[in-house]
Amino acid sequence: MVNIGNDWDEVLAGEFDKEYYLALREFLKKEYRNYTIYPSMHDIFNALKYTPYKAVKAVILGQDPYHGPGQAHGLCFSVQQGVPKPPSLVNIFKELDSELGIRAPAHGCLADWAKQGVLLLNTVLTVREGAANSHKDKGWETFTDRVISLLARREEPMAFLLWGANAKSKAPLVAGGQHLVLTAAHPSPLSAHNGFFGCGHFTQTNAFLAQFGGGVDWGIGSL
């Protein structure tokens, strides 16, 4: 039914046959048939396709996809080439510049991070155009909680960057283990000044991963 194309297929074996997912699939078929839904159905699982299970070094957890034309492409906070950066992404780049002196790139595609092992996962993987949270409580949360829980079981330490109340609520899925769990306000302009700016998450992530011979190059190349 769903083919990721890497080790997630084995890790998630049987998940797509569960009752909740079959109900979600029927809901999505109707939604894609009757409305404009983001991202494209071919891009829904891009976070998992770009970042295999065993390659994950860090997880950045978003809420649901951008709901404007051409924005969402399956990686949280990321937009496709040629699409203006949304305000939350602008603030992420501001924090990156403040922490590490990395200037914001000309585009807003975060695929470079994903290819290095940063899982850019939303808790809900689809949305109706112009209607944030329109696919909330339809089954995606069960699926992405499963993904997070499976990652938490891994022996290899990784960092979880949880921004905003929705992401912070997932902390119990990974707390108490060998992983680094970082929480902060959401990078949205409505909340970024309440604890996202100055959070130091990019620096802390690399300091943690360096203990195990890893790290992330947070710079983003040209497309």
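The radius of gyration here is taken over C-alpha atoms, and the globule rule is 2.2 Å times the number of residues to the power 0.38. For 223 residues that rule puts a compact globule near 17 Å; the protein chain has 17 Å, which agrees. This is a predicted model: local features need pLDDT of at least 70, side-chain atom pairs count only at pLDDT 80 or more, and totals for chains, interfaces and linings use all residues. Residues are numbered from 1 along each chain as its sequence is written, and side-chain values use heavy atoms, with hydrogens and water left out.

**Overall fold**

- The protein chain has eight helices and six strands. Helices (H or I, at least four residues) and strands (E, at least two) are DSSP runs, numbered from the N terminus.
- Along the sequence the pattern reads α-α-β-α-β-α-α-β-β-α-β-α-β-α.
- The C-alpha atoms fill a box of roughly 45 × 40 × 30 Å, taken along the principal axes.
- Of the 223 residues, 51% count as buried. Buried means under 20% relative accessible area, exposed over 50%, and partly exposed in between (1.4 Å probe, protein chains only).
- The chain exposes about 10,100 Å², and carbon and sulfur atoms supply 49% of that area. Accessible areas come from the Shrake-Rupley method with a 1.4 Å probe; for residues, only the protein chains shown count as cover.
- Among contacts with a separation of 6 or more, 66% join residues 24 or more positions apart. Contact means heavy atoms within 4.5 Å.

- The largest nonpolar core has 73 residues. Such a core is a set of buried Ala, Val, Leu, Ile, Met, Phe, Trp, Tyr and Cys residues joined through side-chain atoms within 4.5 Å.
- Those with the most contacts inside this core are Phe-45, Ile-60, Trp-113, Leu-119, Trp-140, Phe-143 and Leu-151. Helix α6 (residues 140-152) gives the most to the core, with seven residues.
- α6 has 13 residues and reaches 18 Å from its first C-alpha to its last, close to the 18 Å expected at 1.5 Å a residue. The expected span is 1.5 Å times one less than the number of residues.
- The buried residues of α6 are Trp-140, Glu-141, Phe-143, Thr-144, Val-147, Ile-148, Leu-150, Leu-151 and Ala-152.
- These buried residues pack against α1 (8-11), α2 (19-34), α3 (46-50), β2 (58-62), β3 (118-122) and β5 (159-163).
- Phe-45 is in contact with Val-2, Ile-4, Phe-16, Tyr-21, Leu-125, Trp-140 and Phe-143, leaving aside neighbours within four places in sequence.

**Buried polar side chains**

- His-179 sits in the loop between α7 (165-168) and β6 (180-184). Its relative accessibility is 9%, so His-179 counts as buried.
- The side chain of His-179 has a polar atom 3.0 Å from the backbone oxygen of Ala-152. It also reaches the backbone nitrogen of Met-158 at 3.1 Å.
- A polar contact is a pair of N or O atoms within 3.5 Å; within protein, one must be able to donate a hydrogen and the other to accept it, and residues adjacent in sequence count only if both atoms are side-chain atoms.
- Beyond four places in sequence, His-179 is in contact with Leu-151, Ala-152, Arg-154, Glu-156, Pro-157, Met-158, Phe-160 and Phe-208.
- Asn-46 lies in helix α3 and is buried, with a relative accessible area of 9%.
- The side chain of Asn-46 reaches the backbone oxygen of His-73 at 2.8 Å. Neighbours within four places aside, Asn-46 is in contact with His-73, Gly-74 and Leu-75.

**Backbone geometry to check**

- Most residues other than glycine have a negative phi, and most peptide bonds are trans.
- The peptide bond from Tyr-38 to Pro-39 is cis, with omega near -5°.
- Pro-39 is in the loop between β1 (37-38) and α3, and counts as buried at 1% relative accessibility.
- Not counting residues up to four places away, Pro-39 touches Tyr-32, Ile-44, Pro-65, Ala-72, His-73, Gly-74, Leu-125 and Thr-126.
- Phe-77 has a positive phi, near 70°. This residue is in the loop between β2 and α4 (87-100) and counts as buried at 9% relative accessibility.
- Asn-133 also has a positive phi, near 65°. Its place is the loop between β4 (127-128) and α6, and at 35% relative accessibility Asn-133 counts as partly exposed.
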